[in-house]
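Thank you all for coming.

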Amino acid sequence: MTYQPQEDFGTPASRAEEQVSLTIDGRAVAVPAGTSVMRAAAEQGTSIPKLCATDSLSSFGSCRLCLVEIEGRRGTPASCTTPVEPGMVVHTQTPRLQKLRKGVMELYISDHPLDCLTCAANGDCELQDQAGAVGLRDVRYAADATHLGQAKDHSNPYFDFDPSKCIVCSRCVRACDEVQGTLALTVQSRGFGSKISAGLASDNFLGSECVSCGACVQACPTATLVEKKVVEIGTPERAVVTTCAYCGVGCTFRAEMRGEQLVRMVPWKDGKANRGHSCVKGRFAWGYAQHQERILKPMIRSSISEPWQEVTWEVALSHAASELKRISAKYGKHALGGITSSRCTNEETFLVQKLIRAGFGNNNVDTCARVCHSPTGYGLKTTFGTSAGTQDFDSVEDSDVILVIGANPTDGHPVFASRMKRRLRKGAKLIVIDPRRTDLVRSPHIEADHHLALRPGTNVAVLTAMAHTIVTEGLVDEAFVKERCDWDEYQDWAAFVSLERNSPETLEAITQVQAAELRAAARLYATGGNGAIYYGLGVTEHSQGSSTVMAIANLAMATGNIGRRGVGVNPLRGQNNVQGACDMGSFPHELSGYRHISDGETRRLFESEWGVPLDPEPGLRIPNMLDAATDGVFKAIYIQGEDILQSDPNTHHVAAGLEAMECVIVHDLFLNETANYAHIFLPGSTFLEKNGTFTNAERRIQPVRKVMTPLNGYEDWEVTQLLAQAMGLDWNYSHPSEIMDEIARLTPSFAGVNFERLDKEGSLQWPVNEAAPDGSPIMHIDGFVRGKGKFVVTDYVPTDEKTGPRFPLLLTTGRILSQYNVGAQTRRTENSVWHQEDLLEIHPVDAENRGIKSGDWVRLASRAGETTLRADVTERVAPGVVYTTFHHPMTQANVVTTDYSDWATNCPEYKVTAVQISPSNGPTEWQEDYAELQRSSRRIETTVEAAE
Ligand code: SF4
Ligand code: SF4
Ligand code: SF4
Ligand code: FES
């Protein structure tokens, strides 16, 4: 695509069904009621000059450039604030209007630097365009006073603010309020003295409340707010639409390029997940793709104490294949396995699991969903019949009560959080169930109606107590339950939750949630209209993770909150393609589309397509592979795009497992922490360098498009194919579309998916098949996928991880907006400005008892291990609870997490670890040893030429 900015219709589209007919410049037009005259004109191809209007924001009517004449009306109304009316006759281009517009523009330009030729936005500036559009050729007078020469603000790492170019159209302020919901910007003073200010507490963007989402930069019609990259590289020449590689929201962007250089990522207005918005990660944090630490040549070494040796792709792949074959021959085929990546595309993930099943000859394949959302798969499949969320993101616009449990959307899923906050500002009620006071609990114009600050590890008790309230107070939607669910199972469940031992009052001692508050929250959810539940890893990463997911499903079914817009059960997925990785058959017991490997009919389908017999026995999960390795029976692993040393629990155990293997193949962008234990390193490609698809938390399959040539030479699917070929498999895919065609042939829920449709329609939400040819934005509309909805009794069972005198506090973990997962990408960007190290949040009372102040080094110790980090004394956590993130390898928060895991899926219990905190002088001996290991295992001594 050559460069064309996305069309701007001036004001948002109306959702009304009623059509209104009018005439604009002599042409008949029909548009939905509520459409502005400006938009109606734009839709018929007539562009009315404008400055303060843009179609991502509600109209404001301040610049007076968009004036029109309407027959029968006096004056010249602003077209952006005038809604269409039946029979209206509008004139947009008359001599009178031209004169008026020219006068308005002349005033703006008289107070604007005339440096267009050297301005970064030259050729991409609405002020410049509109001056041309109104025919302004000279400015007849000099202003008495101007705003020229004001100091620029360069504090934000990604964009500059030059107030001398500001026309005070307030598009930035409105973008921050309406689109992002942070309300960081204000217009200070009035009249000539008006100026844009980044909050009151700071005189620059970096020190303000700004979260660097970039919505204001995108909205700015001048070069007042401009990306530093545009200043550095120049304006873009072409654009390619692709999908963000960070979180499970799945924002789509126009990757705007100049030559082979990426200039900026502009959120795509037609993207159905993000509707033109983004967060700091997707919009700005893509510098890691060209980071100097990226490994671009394959490497091998005979032992992990040796330096790496750079080799050619041929040498690396044939060495990898011969090692895998040697180990299979010596120890048996079950000694091999692999891990797929939730950061890679569906097609790449599908190939890795195919390599393991068809090439290695076993089902020892697992994915990082093991450590995050595997309980979602189990819980929702058991209760509803499908391992995925029930709604699209648009659905939240129809919610009346939003229940957020164990999720921190403003940090983890920021673009969806902005949409949720917009709905909350319009009046939806909010219940937050979280041990921490997350930003959602109180932020500008939003306050949770109920914050149930439960003790970590008691989710099931809280949800059961809510169910108790709903059942015993007669708030169940019996008609829904009778029609849609198994009535006998419901009755068993209702009898169970009604027991006195499950009342809020009895459970209060365990949950530490006041019974009255909990009852009020339950009543609100059951009776407040459309109730939607959103949840995250604070639900799944527990010993009762699967039970909690089922307890959530029980609540939704009991209250009839399933099967229409505004309701539902919605896991907020962590990584960009964790949904897709699960869909593609990454679990050891399931083929793509969640069909059990023991199912003969399904297996035969794959066997006839792949031409090999498949092992009917489920394979090993990640923790079992590591156990088997330390037991000496699991010897080789292929890990694509996953850093298990940093992301999995009990780091020492992971390290011991990896160290016990004879062949660890890491396929990644960087020498990550797992690569410290690798023998073969295969360089990976970034999302900018590949074609394929990602599937977001809404089950939305979206294209990933190659915008530049892979620096390492190959897309990741090609590397897997080359490895398969080196092992003797007859694979000949020439494009990921052929892999998707194979997925569609083998997976009923993907039957209607292909690249051609994705190119045409932008995205598709599975299931897409004969029963749902256009995809499925909302699931379980007429009935549950499994038939009758299944109520499951979820008895609260306390975790075995107990606090006591040695470890009196509970540690829970999470993530922060600017960083992503183990930080391998975001730590290699300017995002580090906001988060240079993991901090330990501790309540002032607990801190004072230990003589700890903010900024002090503290020792964080558990039964599994210890680490040190700096303290942040804050009331965001309750007394008795501490919190940290896990983005930095030198903190290694997972050194202290335990081996306890979800009873059904082995998902680790990251959210509950009994710990002690004490003052410390600095890093532990372990951390210092680890730093040395990092240094030594990253030695690269020879070049490709030398190795040849
Ligand atoms: S900074 Fe840009 S968007 Fe904001 S008021 Fe000034 S010109 Fe308008
Ligand atoms: S970058 Fe985002 S949060 Fe910051 S001021 Fe602009 S719109 Fe507001
Ligand atoms: S919200 Fe998620 S998908 Fe969207 S831009 Fe941010 S990281 Fe990317
Ligand atoms: S665009 Fe309508 S008043 Fe500014």
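Before anything else, a term: a residue is called buried when its relative accessible area is under 20%, exposed when that area is over 50%, and partly exposed in between, using a 1.4 Å probe and protein chains only. What you see is a predicted model, in which local features need pLDDT of at least 70 and side-chain atom pairs count only at pLDDT 80 or more, while totals for chains, interfaces and linings use all residues. Residues are numbered from 1 along each chain as its sequence is written, chains are lettered from A and ligands numbered from 1 in the order in which they are written, and side-chain values use heavy atoms, with hydrogens and water left out.

With that in hand, let me begin with V168, which counts as partly exposed because its relative accessibility is 30%. Helices (H or I, at least four residues) and strands (E, at least two) are DSSP runs numbered from the N terminus, and in those terms V168 sits in the loop between β5, residues 159-161, and α4. Most residues other than glycine have a negative phi, and most peptide bonds are trans. V168, although not a glycine, has a positive phi of about 50°. S212 is another non-glycine residue with a positive phi, of about 60°, and its place is the loop between β7 and α5, residues 215-219. Is S212 buried or exposed? S212 counts as buried, because its relative accessibility is 0%.

S212 also brings us to the ligands. In what follows, a residue is near a molecule if one of its heavy atoms lies within 4 Å of it. Around ligand 2 we find F159, C176, L185, F205, C210, V211, S212, C213, G214, A215 and C216. For the classes, Ala, Val, Leu, Ile, Met, Phe, Trp, Tyr, Cys and Pro count as nonpolar, Asp, Glu, Lys and Arg as charged, and the others, Gly among them, as polar. On that basis the shell around ligand 2 holds nine nonpolar, two polar and no charged residues. Ligand 1 has 13 residues around it, of which C166, C169, S170, C172 and C220 come nearest, and that shell has nine nonpolar, three polar and one charged residues.

Ligand 3 is surrounded by C244, Y246, C247, V249, G250, C251, F253, C279, K281, G282, P414 and V415. Helices α7, residues 280-284, and α12 each supply at least two residues of this shell, which divides into nine nonpolar, two polar and one charged. Two of the cysteines I have named are buried, C213 with a relative accessible area of 8% and C279 at 10%. How many disulfides are there? Taking a disulfide as a pair of cysteine sulfur atoms within 2.5 Å, the count comes to zero.

Helix α12 turns up again when we look at how helices pack. Two packed helices are described by the angle between their axes and the distance between the axes. Axes here are lines fitted to C-alpha atoms, for helices over the stretch in contact, with angles running from 0 to 180 degrees between N-to-C directions. The axes of α4, residues 171-180, and α12, residues 414-425, come within 8 Å and cross at roughly 90°. That makes α4 roughly perpendicular to α12, where angles under 35 degrees count as roughly parallel, over 145 as roughly antiparallel, 65 to 115 as roughly perpendicular and the rest as oblique. With contact meaning heavy atoms within 4.5 Å, D177, E178, V179 and Q180 in α4 meet S418, K421, R422 and R425 in α12. The residues of this contact divide into one nonpolar, two polar and five charged.

Why is helix α10, residues 374-383, described as largely enclosed by the rest of the structure? The reason is that seven of its ten residues are buried, namely S374, P375, T376, G377, G379, L380 and T383. Their cover includes β21 (531-535), α18 (537-540), α19 (545-558) and β22 (569-571). Just after α10, G385 takes a positive phi of about 105°.

Finally, please find W766 and P767, which are joined by a cis peptide bond with an omega of about 0°. P767 lies in the loop between β30 (764-765) and β31 (809-814).
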